Amino acid sequence: MYQKLGIAAERFDSACNLHLAMQKQPPDFFVGEFIYGWGNNYAGANVSNLDVTLRSLQRFAPQVKMIVFMHPREEDHIGKLLELFPVHAVLTYPVSAQAMQAALVTPA
């Protein structure tokens, strides 16, 4: 789908590699999976696994369209993330090709 839409997709094996890459080449899109922080590590300013990356995106790629995948069990908590970040689209698993394509072509 990305190729069909003319989007070059990259995957990263660590947050560190992702953050270095986005400093060098700010992305137009970011796709990540939301996992609510149930543990003590998220007791302060962070609500999920995406917080640090989304903050970095705001700094290095303010124009980025953030697309977030989530499991239906996380629905009660996604609002906490949306209060902090301008997420372009939230897609619930299972994500259909049509929903993903709509998120990629819909203006912010």
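**Buried charges, a pocket and a cis bond**

Reader: What is the nearest side chain of opposite charge to D51, and how far away is it?
Author: This is a predicted model. D51 is placed in helix α2 and is buried, yet has no salt bridge. A salt bridge needs the two charged groups within 4 Å. The nearest side chain of opposite charge to D51 is R55, at 4.2 Å.

Reader: Which backbone nitrogen does the side chain of D51 reach?
Author: A polar contact requires a pair of N or O atoms within 3.5 Å. The side chain of D51 comes to 2.5 Å from a backbone nitrogen, that of V47.

Reader: How far from K65 is the nearest side chain of opposite charge?
Author: K65 belongs to strand β2, residues 65-70. K65 is buried and lacks a salt bridge. The nearest side chain of opposite charge is that of D28, and the distance is 9.1 Å.

Reader: Which residue has its backbone oxygen 2.7 Å from a polar atom of the K65 side chain?
Author: The cut-off for a polar contact is 3.5 Å. At 2.7 Å from a polar atom of the side chain of K65 lies the backbone oxygen of T106.

Reader: What is the volume of the largest pocket, and which elements give two or more residues to its lining?
Author: The volume of the largest pocket is about 1,000 Å³. Of its 30 lining residues, the closest to the centre are E10, F12, F29, F30 and V31. Two or more residues of the lining come from each of α1 (15-24), β1 (29-34) and α2 (51-60).

Reader: Which residues does the cis peptide bond join, and what is omega?
Author: P94 sits in the loop between β3 (89-92) and α4 (97-105). The cis peptide bond joins Y93 and P94, with omega about -5°.

Reader: Why does T92 count as partly exposed?
Author: T92 is in strand β3. Partly exposed covers the range between buried, under 20%, and exposed, over 50%. T92 counts as partly exposed because its relative accessibility is 33%.

Reader: How far apart in space are Q101 and A89?
Author: Q101 is in helix α4, and Q101 counts as partly exposed because its relative accessibility is 30%. Q101 and A89 are twelve residues apart in sequence. From C-alpha to C-alpha, the distance between Q101 and A89 is 11 Å.

Methods
Residues numbered from 1 in each chain as written. Predicted model: local features only at pLDDT ≥ 70, side-chain atom pairs only at ≥ 80, totals over all residues. Heavy atoms only, no water. Helix = DSSP H or I, 4+ residues; strand = E, 2+ residues; numbered from the N terminus. Buried < 20%, exposed > 50% of the residue type's maximum accessible area, 1.4 Å probe, protein only. Lys, Arg positive; Asp, Glu negative; His and termini not counted. Polar contact = N/O pair within 3.5 Å; in protein donor to acceptor, adjacent residues only side chain to side chain. 1 Å grid on protein atoms, 1.4 Å probe; cavity = no way out; pocket = protein on both sides within 12 Å on 5 of 7 lines; lining within 4 Å. Points joined across faces, edges and corners; volume = space filled by probe spheres on them.
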